[in-house]
Amino acid sequence: MRCKVAEETRDPFIDQIADELRRPVRLDPRFDERVMEALNAPEVIPLHPDRQPRRPWIVRPWTVRVSPIAAFAAAAALVGVIAIGAWQLRAPDQVQVATQLIGVGDLVPVANTGEEPLVVHQFTYYQKGLKSISVVGEFNDWDDDSTSLMEVSPGVWTISLHLRPGVYEYQYILNGTQRVTDPTMPQVSSDFGSPNSVVKVSPKVPQ
Amino acid sequence: MTQTRGLPIQNDSDAAIVARVLAGDTGAYAVIVARYRAQYGRYAVRMLGSREDAEEALQDAFVRAFRSLAKCDEPERFAPWFFRILANRCRTAGTRRGRRERTFVNDDIALLGASEEHPAERAAWREELERALQRLDADQREAFLLKHVEELGYDDMAVITGVGVSALKMRVKRACERLRVLLHEVQGG
């Protein structure tokens with residue numbers, strides 16, 4: 001139902017309120033300094049790998065978590081490999097045996113920070129005849145310019161984002177103007193009166 | 001950080017400053033921050049009801065705008081572009097705060113502003129007004145501030161909020177009605 005709202009006329013009471021609210025407020029005297037310092041701080045979540053190209057996995061830094069026993073076994077095996085390598089010319093078959101002692105299965109790659117590892121979540125929206133779709137939500141501060149989906153086949157729009165595990169509210173924006181929810185996901189009512197879709201991003205299950 | 005060099009740029013247009021920042025003169029961004037801090041800080045404080053939350057939202061908005069500056073298609077219209085970012089940041093901050101605590105936030109410094117020269121009654125009225133404002137639904141508060149305090153037209157409000165003009169008019173109308181009731185309750189004792 002469309003509600004017809006008349007253009008409001010000047011209202012002295014509302015004007016009085018507005019005048020009061022237009023008064024300046026005090027901010028921290030160091031505010032500008034803090035902002036300029038923050039410009040150099042790294043972004044917390046690399047949501048936009050296309051803006052900052054990811055390095056190939058082979059040169060990306062990794063941290064490995066090794067249990068004490070596995071570390072001891074790996075160190076012992078490494079010493080064994082070196083020792084056996086020295087004897088390689090005389091006993092080549094022993095090298096093969098030694099390399100199999102390294103407990104590769106005990107080496108678990110983890111994220112570079114102390115936070116929960118990022119998880120890849122794919123957003124997909126199905127509709128033909130659109131010029132653009134972007135997704136806005138708590139993961140990108142509702143920035144409607146930052147996260148555009150790609151039409152991978154006619155009417156199939158998708159993007160994969162790296163997110164921390166958690167629950168996120170979001171919407172899609174069709175053709176830059178129309179906000180819609182994801183028909184495949186649950187909805188909640190936002191504080192701003194419009195419904196939001198909700199997605200739960202679960203932590204990656206260790207292999 | 002690259003520092004601003006050469007002639008003073010305080011009076012340069014937003015577009016000129018944006019161009020300097022994009023060319024690598026990061027320090028020039030300080031002029032943008034100083035230029036819009038007060039105006040948009042006021043909006044954030046009124047919207048969030050707390051100086052601390054407002055400063056956080058405003059700082060995040062400035063940082064986000066800086067990192068997205070290359071996407072500002074009309075740098076001569078930096079201000080409305082930035083306002084949209086800030087409004088989104090305030091929405092996010094408001095949602096998070098709403099989850100934390102559903103009660104309104106009071107912050108005497110933010111609420112009273114520069115109040116040293118004003119009598120106690122005036123300060124009390126301001127405090128009641130801020131309380132009433134924080135009792136509005138977030139969408140009504142946002143619409144009211146954009147319309148009556150920032151004095152934006154409904155078309156601009158629609159661009160900033162992503163909400164249709166009719167819905168915005170309704171929100172403003174309801175906000176006015178609710179404020180009238182809340183403040184008359186106070187005045188009527």
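1. The model is predicted. Local features are described where pLDDT is at least 70, and side-chain atom pairs count only at pLDDT 80 or more.

2. Chain A has an open sheet of three strands, in the order β3-β6-β5, with antiparallel pairing. The edges are taken by β3 (119–126) and β5 (150–153) of chain A; each has a single partner strand, so one side of each is left without a neighbour in the sheet. On average, and with direction ignored, neighbouring strands of this sheet are turned by 40° against each other.

3. β5(A) and β6 (residues 156–163) of chain A run antiparallel and are joined by three bridges. Opposite Trp157(A), in β6(A), stands Glu151(A).

4. On the contact between the chains, 45 residues of chain A are in contact with 71 residues of chain B. The size of an interface is often given as the accessible area lost when the parts come together. For chain B and chain A the buried area is about 5500 Å², and carbon and sulfur atoms give 53% of this.

5. On the side of chain B that touches chain A, the elements giving two or more residues include α2 (29–48), α3 (51–67), α4 (78–100) and α9 (165–187) of chain B. The largest share of that side comes from α9(B), with 11 residues. By class, the side of chain B that touches chain A has 28 nonpolar, 26 charged and 17 polar residues.

6. How many salt bridges does the rule find across the interface of chain B and chain A? The number is eight. One salt bridge joins the side chains of Arg22(A) and Glu151(B), at 3.6 Å from N to O.

7. Over all chains, the structure holds 23 salt bridges. Among them is a pair formed by the side chains of Arg180(B) and Asp11(A), at 2.4 Å from N to O. This pair crosses between chains: Arg180(B) lies in helix α9 of chain B, and Asp11(A) lies in the segment before α1 (12–21) of chain A.

Note on methods. Residues are numbered from 1 along each chain as its sequence is written. Chains are lettered from A and ligands numbered from 1 in the order in which they are written. Side-chain values use heavy atoms; hydrogens and water are left out. Two strands pair if DSSP finds at least two bridges between them. Helices (H or I, at least four residues) and strands (E, at least two) are DSSP runs, numbered from the N terminus. Axes are lines fitted to C-alpha atoms, for helices over the stretch in contact, and angles run from 0 to 180 degrees between N-to-C directions. Contact means heavy atoms within 4.5 Å. Buried area is the accessible area (1.4 Å probe) that two parts lose on being put together, summed over both. A salt bridge is a side-chain nitrogen of Lys or Arg within 4 Å of a carboxyl oxygen of Asp or Glu. Ala, Val, Leu, Ile, Met, Phe, Trp, Tyr, Cys and Pro count as nonpolar, Asp, Glu, Lys and Arg as charged, and the others, Gly among them, as polar.
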